[in-house]
Amino acid sequence: MIDLRSDTVTKPTDSMRELAAQATVGDDVYGEDQTVNELESRAAELLGFEDALYVPSGTMGNQIAARTHTEPGQEIICERDSHIYRWELGGLAQHSGLQTRPIAGTDRGVLRPSAIADGIVEEDAHRPGTGLLALENTHNAAGGTAIAPSRIDEGATTAHEQGVPVHLDGARLANAAVAHDVALDRFTDAVDSATLCLSKGLGAPVGSVLAGSVSFIERARRVRKLLGGGMRQAGMIAAPGLEALESIDRLETDHENATILADRLDAIDGLTVHPPETNILLVTVPEPAPTFLDACANADVLATAFDEYLVRFTTHRDVSRAAVETAADRIASVVSA
Ligand code: TLP
């Protein structure tokens, strides 16, 4: 089976398993897990913030950020197809009492400064005020778009001009960094917090990091506990994350493989390929996505439905170039059947 559903499906490497087994651990709720502490300080350094917090998932990282930045009843601006809005079970309303103002992005998921400025609501006797702008890079639903650092800066500056803080959902920020050939912290110059997932292309088994100022992370730590995310000997799962943080460069291979898959699928009549910028490839298929995906699964290729006729293929560490070529052959046979 060639599994292209997501880069979340990677299995830990032998060395990650070894690191987990050897990890120095303690009770992280008391701040005594040395491995977690090491992971948090390395993540903070790479992301260009004072401090960071290890969290069980990207979803929890985003939800903690939203709750920490805002007051109940405020509005949050996010892109119409952003993960925080589309795929987090309405958590913004459930956990933080936020009213969501989704805005359609242009250029595959980019929120323009003018759209952000128009979406900001000033607090008055009738209006709740905007409490947060949430950006996403890479933009998953738009096809893994690697948004340029300057565009993140522009959006964030617009929000700051109105006193609105900015959170960056950087689940795949490392992919954006590789695509633009810049360091991770170049994307965070103008934002107030950012997440990075260790368990996607970076290949760790569990967890994400949320980074921000010392006082932000202090408050975020309490929200993590509130949501049930206070972990104990978490060094066992954090240790592989340290290896993940040092393996950013390997994402280049995933991007090359996505391009190879795109080129191969583009040659198949009936498929419309949306050119990939990172490791995510969107393809419009000639029949309803579930039917197409069933046929692919029968041919031992797995992918994900993103819309009625839209399918996502995601490359990752556990699919080689040869596997990608084989997947393309199998998909060709599915389309011609
Ligand atoms: N995305 C998953 C699915 O939930 C769609 C995937 O397979 O791509 N932000 C972004 C941009 C994400 O793509 C995801 C996961 C998350 C946050 C949430 O991360 P987890 O799964 O760790 O909660």
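How much space lies in the largest cavity? About 110 Å³. The model examined here is predicted; local features require pLDDT of at least 70, side-chain atom pairs count only at pLDDT 80 or more, and totals for chains, interfaces and linings use all residues. Residues are numbered from 1 along each chain as its sequence is written, and side-chain values use heavy atoms, with hydrogens and water left out.

The search of the whole structure returned 1 cavity of 30 Å³ or more. Its lining comprises 14 residues, and Gly-109, Val-110, Leu-111, Leu-135 and Ile-147 are the closest to the centre. Strand E5 and helix H7 are the elements that give two or more residues to this lining. By class, the cavity lining divides into 7 nonpolar, 4 polar and 3 charged residues. Here Ala, Val, Leu, Ile, Met, Phe, Trp, Tyr, Cys and Pro count as nonpolar, Asp, Glu, Lys and Arg as charged, and the others, Gly among them, as polar. Cavities and pockets were located on a 1 Å grid over the protein atoms alone: in a cavity a 1.4 Å probe fits but cannot get out, while a pocket is an open set of points with protein on both sides within 12 Å along at least five of seven lines. Lining residues have an atom within 4 Å of a point. Grid points are joined across faces, edges and corners, and a volume is the space filled by probe spheres set on the points.

The largest pocket has a volume of about 280 Å³. Of its 23 lining residues, His-83, Asn-140, Ala-171, Arg-172 and Lys-200 are the closest to the centre. Helix H3 gives the most to this lining, with 3 residues. The classes are 5 nonpolar, 12 polar and 6 charged. The second largest pocket has a volume of about 210 Å³. It is lined by 15 residues; nearest its centre lie Asp-81, Ala-141, Ala-142, Leu-282 and Leu-310. This lining has 5 nonpolar, 4 polar and 6 charged residues.

The ligand is surrounded by 14 residues, the closest being Ser-6, Gly-58, Thr-59, Asp-169 and Arg-172. A residue is counted as near when one of its heavy atoms lies within 4 Å. A side-chain N or O atom of Ser-6 is 2.7 Å from a ligand oxygen. For Gly-58, a backbone N or O atom lies 2.8 Å from a ligand oxygen. For Lys-200, a polar side-chain atom lies 2.9 Å from a ligand oxygen.

Thr-59 lies in helix H3 (residues 58-69); helices (H or I, at least four residues) and strands (E, at least two) are DSSP runs, numbered from the N terminus. Thr-59 counts as partly exposed because its relative accessibility is 32%. The classes are buried (under 20% relative accessible area), exposed (over 50%) and partly exposed in between, using a 1.4 Å probe and protein chains only. Beyond its neighbours within four places in sequence, Thr-59 is in contact (heavy atoms within 4.5 Å) with His-83 and Glu-88. Its C-alpha atom is separated by 9.9 Å from that of Gly-207, 148 residues apart along the chain.

His-139 lies in the loop between strand E5 (130-136) and helix H7 (149-161). It is buried because its relative accessibility is 1%. A polar contact of 2.8 Å joins the side chains of His-139 and Glu-79. Such a contact is a pair of N or O atoms within 3.5 Å; within protein, one must be able to donate a hydrogen and the other to accept it, and residues adjacent in sequence count only if both atoms are side-chain atoms. Leaving aside neighbours within four places in sequence, the contacts of His-139 include Asp-81, Arg-108, Gly-109 and Ile-147. The peptide bond from Asn-137 to Thr-138 is cis, with omega near -5°.

Helix H8 (residues 173-180) is mostly covered, with 6 of its 8 residues buried. Its cover includes helix H2 (34-47), strand E6 (166-169), strand E7 (193-197) and H11. Asp-181 follows H8 and has a positive phi, near 55°. At 70% relative accessibility, Asp-181 counts as exposed. Leu-89, also not a glycine, has a positive phi of about 55°. Leu-89 lies in the loop between helix H4 (83-86) and helix H5 (91-96). Most residues other than glycine have a negative phi, and most peptide bonds are trans.
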